[in-house]
Each structure stands twice: as structure tokens, then as C-alpha cells.
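Trainee: Could you show me how to read a helix and its charged pairs in a model like this one?

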Amino acid sequence: MARRILAVDDEPSIVRLVTAALTARGHEVIPAYNGEEALDKVALEKPDLIVLDIMMPRMDGREVARRLSKAPKTATIPIAFLSAIG
């Protein structure tokens, strides 16, 4: 079953890579390039899953996840954290 997946990373090349991998498996990918944009797109697009970078400028992935978990409409959306941290 195809899912709507929000891919969030401040590096466009990572968003392209995630998008290519997931669309090849039949999923619809919605790109976002920072935490604020991610929150806006979650409200508009209502994704089934969020692939979320941890380290981003201004608002990191942990803060995005914290805000989503506090809102009843978004608290149940699964989040897969993405990180290049060793």
C-alpha cells in the first residue's frame, strides 16, 4: 500500500535520495527542508509517516517531533529519525 511520507532534511541531496528510494517503492514523498516547513506541511498534507533529520538549523528534528507529539491531530504520526551522526 502506498503511503504519503514527509521527508525532512536541510540537505537537498538527502531529500532527493530519500525521495528516490521511497518513490521507487510506490510511495508519495512530500519534501521539506527545515523544521518550520515540516510543521506546515504536516498540517497541510497529513502524511502517514515522517522521515526526519535530527540535526537541522533553527529548529532541529527533536523539536519538530516534540511539537508534533503535543498536538492531538499529529501525535500518532510515526516518525523515523534520520541522522548522519556516527
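Mentor: We will look at one helix and then at salt bridges. This is a predicted model, in which local features need pLDDT of at least 70 and side-chain atom pairs count only at pLDDT 80 or more, while totals for chains, interfaces and linings use all residues. Residues are numbered from 1 along each chain as its sequence is written, and side-chain values use heavy atoms, with hydrogens and water left out.

Trainee: Which residues of helix 2 are buried?

Mentor: An α-helix has 3.6 residues a turn, so residues three or four places apart point the same way. In helix 2, residues 35–45 (helices, H or I, of at least four residues and strands, E, of at least two are DSSP runs numbered from the N terminus), the buried residues are Gly35, Ala38 and Val42. Buried means under 20% relative accessible area, exposed over 50% and partly exposed in between, with a 1.4 Å probe and protein chains only. These residues cover an arc of only 50° around the axis, which puts them on the same side of helix 2; the arc is that of the directions from the helix axis to the C-beta atoms.

Trainee: How many salt bridges does the structure hold?

Mentor: Side chains of opposite charge can pair when their charged atoms come close. The structure holds six salt bridges, each a side-chain nitrogen of Lys or Arg within 4 Å of a carboxyl oxygen of Asp or Glu. One of them joins Glu45 and Arg4, whose closest N and O atoms are 2.5 Å apart. Glu45 lies in helix 2 and Arg4 in strand 1, so the pair ties together parts that are 41 residues apart in sequence.
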